[in-house]
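Hello,

Here is the structure I promised to pass on. Please open it first, then read my notes below.

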Amino acid sequence: MPFFAPQTQSETHALATFLRHQCAQLRTTAHQLSSDQARLTPSPSDLSIGGLLLHNAQVVHGWLTTAMRAPEPTPVEMYADISARLGLAEMFSGAEAPETMSLHEILEIYDRAVDFIYEAETSIDPDVGHPRPQ
């Protein structure tokens, strides 16, 4: 299935469109998988599709929240609350997908993070510096 990027109107819109495009491509890796299949780690690494989706949701949502706060830094202590806004109580490295969480639930969380791109797009100024956490 090909992915065609739509036209963009500004630099911020182009960046947000690219991010949504990449997130859509990652989401297709879970197409027609069962919850059990999404937790499998069929390669020598510990990575699973479900874990990668959860990790990517946290990274996208966390980075956008940080970018929206710029130039104010985002204390590391805030990341648990940022993840909680998505419905996640833990941090995910890409390896784990909780056995209690179905793929449907994982995709709902992932879609909330992707939808947040639309909200954040209008609030981020690409000319403002983004401080790194300590």
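Start at Leu64. Leaving aside neighbours within four places in sequence, Leu64 is in contact with Leu19, Phe116, Ile117, Ala120 and Ile124. Keep in mind that this is a predicted model.

Leu64 also belongs to the largest nonpolar core, which has 25 residues. Leu53, Leu64, Leu103, Ile106, Ile109 and Ile117 touch the most other members. Helix 1 (11-27), helix 3 (49-69) and helix 5 (103-121) each supply at least two residues of this core. Helix 5 gives the most, with 10 residues.

Next, Arg20. Arg20 lies in helix 1. Is Arg20 buried or exposed? Its relative accessible area is 12%, so Arg20 counts as buried, the cut-off being under 20%. The charged end of Arg20 sits over the ring of Tyr118, 4.1 Å from the ring's centre. Not counting residues up to four places away in sequence, Arg20 touches His13, Val114, Ile117, Tyr118 and Glu121. As for aromatic pairs, the count is 0.

Last, helix 4, residues 79-86. Its buried residues are Tyr79, Ile82, Ser83 and Leu86. They cover an arc of only 95° around the axis, so they fall on the same side of helix 4. In general, an α-helix has 3.6 residues a turn, so residues three or four places apart point the same way. The buried residues of helix 4 pack against helix 3 and helix 5. The face turned away from that buried side carries the exposed residues Asp81 and Arg85. Just after helix 4, Gly87 takes a positive phi of about 105°.

Best wishes

Definitions and conventions: Residues are numbered from 1 along each chain as its sequence is written. This is a predicted model: local features need pLDDT of at least 70, side-chain atom pairs count only at pLDDT 80 or more; totals for chains, interfaces and linings use all residues. Side-chain values use heavy atoms; hydrogens and water are left out. A nonpolar core is a set of buried Ala, Val, Leu, Ile, Met, Phe, Trp, Tyr and Cys residues joined through side-chain atoms within 4.5 Å. Buried means under 20% relative accessible area, exposed over 50%, partly exposed in between (1.4 Å probe, protein chains only). Helices (H or I, at least four residues) and strands (E, at least two) are DSSP runs, numbered from the N terminus. Contact means heavy atoms within 4.5 Å. Rings of Phe, Tyr and Trp (its six-membered ring) pair if their centres lie within 6.5 Å; planes under 30 degrees apart count as stacked, over 60 as edge-to-face and the rest as tilted. A charge sits over a ring if NZ of Lys or CZ of Arg is within 6 Å of the ring centre and within 35 degrees of the ring normal. The arc is that of the directions from the helix axis to the C-beta atoms.
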